[in-house]
Amino acid sequence: MASVIAASSFAGQAVRAAPRSAAARSARRTAVAPRAMLETQRMATSFDGFKFEPIRESQISRAMTARYMTDMHEHAEVDIVIVGAGSAGLAAAYELSKHPDVKVAIIEQGVAPGGGSWLGGQLFSAMCIRKPAHKFLDELQVPYEDEGSFVVVRHAALMTSTLLSKVLAAPNIKLFNATAAEDLVVKQDEKQGKYVAGAVTNWTLVSLNHDTQMCMDPNVIESKVMISSCGHDGPMGAAGVKRLMRLGMVEKVPGMGALDMNTAEDSVVDRTREVVPGMVICGMEVAELDGCPRMGPTFGAMYMSGLKAAQVALNSLRRQQEEEAAAEAGQEGKEMVAA
């Protein structure tokens, strides 16, 4: 037994590594360290050790609150208010951005502007636009594939985000999203009868909960012209023309007809107009009022209708300015005669 134990002990000693000296351990560390450093450097990013500037939470709150309230104060009265920031409303805003002396507010009930133009149709990505509306894409520098009588943008979001970015960058335009137009401001005079003079506004979450809470009164944005681009019928769709019907300012709102692209797109652009004094309609709201066919997943009419609506609104502004100037001249003449 003693001999077996001795052999086993001897074998264990043979397997066990001899202790390294301090010099050996240092040499090994010296060899490993460069490899670890090289690996760390290889996996490094430019954001390693990134630090934000220190800040107090109240600073963020004040920065947002001050700007939003200033925007509300400055836009309580505008030249043109656009209700609905879908494809037609954004096109109208873009056209108006070319007139920096015209003050514009956009009211959009959703959090994300763009309406149904983030997708091309049936949740598909591509957006189809019939010629010659593709010239608008050329102006925006949005690439497309030419299919002969129409073009295809590879993703509708590319078109919508490009248009939206240009609208939001314009200094004369302010977007109030998550804001609903609950009603119209309507006034009356002897010359033109009833006319639209602005939008009654509320935060969308408030508008959606009037039935669950006590009275929550709205606010207003006065305007010389409203462009109503609320889209086709839906929870808040076609709100402008439906309200006109309830007020007796239009006879009826029959709703859009069945799909016929060839008829629909021409009709929507052709009938984009100032439907009552102070209110221009465009996009699918035109089809709701006039019973035009729907066009489905092709967007040329939406963009062209919006661009036309902007020019119709500018004509309305010009007419009002001329009428005001004539009235002032007439009043000055009466004062001179009286003197």
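Which residue takes a positive phi in the hairpin of β10 and β11? The first legend gives the answer.

**View 1. The hairpin of β10 and β11.** Gly 278 takes a positive phi near 90° in this hairpin, which has two residues between the strands. Strand β10 covers residues 273-276 and strand β11 covers residues 279-281; the two run antiparallel and are joined by three bridges. Val 276 has Met 279 of β11 as its bridge partner. Strands are said to pair if DSSP finds at least two bridges between them.

**Basis of the views.** The model is predicted: local features need pLDDT of at least 70, side-chain atom pairs count only at pLDDT 80 or more, and totals for chains, interfaces and linings use all residues. Residues are numbered from 1 along each chain as its sequence is written, and side-chain values use heavy atoms, with hydrogens and water left out.

**View 2. Helices, strands and overall extent.** Eleven helices and eleven strands occur in the chain; these are DSSP runs (helices H or I, at least four residues; strands E, at least two), numbered from the N terminus. The C-alpha atoms fill a box of roughly 135 × 55 × 45 Å along the principal axes.

View 3. Of the 339 residues, 37% count as buried, that is, under 20% relative accessible area with a 1.4 Å probe, protein chains only. Among contacts (heavy atoms within 4.5 Å) between residues at least 6 apart in sequence, 70% join residues at least 24 apart.

**View 4. Charged side chains.** The chain carries 34 positive and 39 negative side chains, and the centres of the two sets are 15 Å apart. Lys and Arg count as positive, Asp and Glu as negative, while His and the chain ends are not counted. Each charge is placed at NZ of Lys, CZ of Arg, CG of Asp or CD of Glu.

Definitions and conventions:
Buried < 20%, exposed > 50% of the residue type's maximum accessible area, 1.4 Å probe, protein only.
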